[in-house]
Amino acid sequence: MSMTEDQVKGCRLPVTFHQSFIMERQNVASLLKFVASGQGGTDQDISKQTGIPVGRSSGKVPATINYCIGMGLIEFPQKNGQGKKTFELTPFGRVVLLEDNNLSENLTQWLAHLHLCRKKNGAEIWYLAFTEGYKTLGMSFTEKNLKEFIERYCGKRNRSPLGPLIRTYEETAGLRLASVLERGPSGFVRAHAPILGSFRNGYSALFLSLWDEYFPEDRQVTVTNFGSVCFQEMCGWNERQYEIALDLIQEAGAFTIDKQMRPWVLTRSAESKLFWSTLYDELA
């Protein structure tokens, strides 16, 4: 049964999930280590174990937890008792902790970014800015354009709805190394996700994870039907780039493409966990 748009929207992190803090890779690494240890606890407990600052009612612990959920690194916490939380690493989170725990690889940062842009389980502002806004804003826009576009969906607020989104891509503590968003003389220029052979396992893993979310019972899906997932938009690819990326994913063994059919038919031939476990195998 397909979800309504309201239900899908309810699956995204709310506008202020970050409490105005940017995503800091050092804090993410500390939280991943904490989760891997099997421990749980309140925000204060987590702060003591990880060194991530927290106050009585706000702080970087809940913001970091939310970022890690949005970036697809940990599963949604199960609450136990008085504010106690337990977590599990996702397959993506597990391989990042083992092989790139400071999130310094370009591939890691791009996949973290793309997870935040998901229609389901991403973050509202990231989804609006990079996915929903792809066709309206394009690949270059001013901060004013972006703010006005987001306010159309979220309403006007006392503070800018952008929060720390832009700073996340400008500070090296965040996702600066991926060069997702660059400030130019007339505004911002958004980069499309790199179409590289070394990224194909990552794209295969993400693509199949989205397939699991949207089409769990289907072995075959048309490219048109998969369009509802917004994979092309969140990656910032034009039609030709998208076709090249699909060919890359096919080469990796995730699916086969029947190009004799119109629209193209994708036949699944692997599970996402296979590609998460080999995520970094093709990096130079």
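Biologist: Leaving aside neighbours within four places in sequence, which residues is Phe207 in contact with?

Modeller: Contact means heavy atoms within 4.5 Å. By that rule, Phe207 meets Phe226, Phe231, Tyr242, Leu246, Ile249, Phe255 and Leu266. Before you go further, note that this is a predicted model, where local features need pLDDT of at least 70 and side-chain atom pairs count only at pLDDT 80 or more, while totals for chains, interfaces and linings use all residues. Residues are numbered from 1 along each chain as its sequence is written, and side-chain values use heavy atoms, with hydrogens and water left out.

Biologist: Happy with that. Which residues have the most contacts inside the largest nonpolar core?

Modeller: A nonpolar core is a set of buried Ala, Val, Leu, Ile, Met, Phe, Trp, Tyr and Cys residues joined through side-chain atoms within 4.5 Å. Buried means under 20% relative accessible area, exposed over 50%, and partly exposed in between, with a 1.4 Å probe and protein chains only. Here the largest core holds 87 residues, and Ile74, Trp126, Phe207, Phe226 and Phe231 have the most contacts inside it. Helix 11 gives the most to this core, with seven residues. As for the labels, helices (H or I, at least four residues) and strands (E, at least two) are DSSP runs, numbered from the N terminus.

Biologist: At what angle do helix 11 and helix 14 pack?

Modeller: For such values, axes are lines fitted to C-alpha atoms, for helices over the stretch in contact, and angles run from 0 to 180 degrees between N-to-C directions. Helix 11 and helix 14 (residues 239-252) pack at about 95°, and their axes are 9 Å apart. Angles under 35 degrees count as roughly parallel, over 145 as roughly antiparallel, 65 to 115 as roughly perpendicular and the rest as oblique. Helix 11 and helix 14 are therefore roughly perpendicular to each other. On the helix 11 side the contact is made by Arg200, Asn201, Tyr203, Ser204 and Phe207, and on the helix 14 side by Tyr242, Leu246, Leu248, Ile249, Glu251 and Ala252. Sorted by class, there are seven nonpolar, two polar and two charged residues; Ala, Val, Leu, Ile, Met, Phe, Trp, Tyr, Cys and Pro count as nonpolar, Asp, Glu, Lys and Arg as charged, and the others, Gly among them, as polar.

Biologist: Let's take another helix pair. Which residues in helix 2 meet helix 3?

Modeller: Helix 2 (residues 25-36) and helix 3 (residues 43-50) pack at about 105°, with axes 10 Å apart. Ser30, Leu31 and Phe34 in helix 2 meet Ile46, Gln49 and Thr50 in helix 3. That contact has three nonpolar, three polar and no charged residues.

Biologist: Now the sheet. In what order do the three strands lie?

Modeller: Two strands pair if DSSP finds at least two bridges between them. The three strands form an open sheet in the order 6-8-7, with antiparallel pairing. Strand 6 (220-222) and strand 7 (255-258) are at the edges, each with a single partner strand, so one side of each has no neighbour in the sheet. Neighbouring strands are turned by 25° against each other on average, direction ignored.

Biologist: Which residue stands opposite Phe255?

Modeller: Strand 7 and strand 8 (residues 265-268) pair over four bridges, and Phe255 stands opposite Arg268. Helix 11 (residues 200-214) packs on the sheet, touching strand 6, strand 7 and strand 8, and its direction makes about 90° with that of strand 8. On the other pairing, three bridges join strand 6 to strand 8, and Val221 faces Leu266. Within strand 8, Val265 and Thr267 point one way and Leu266 and Arg268 the other way, and all are buried.
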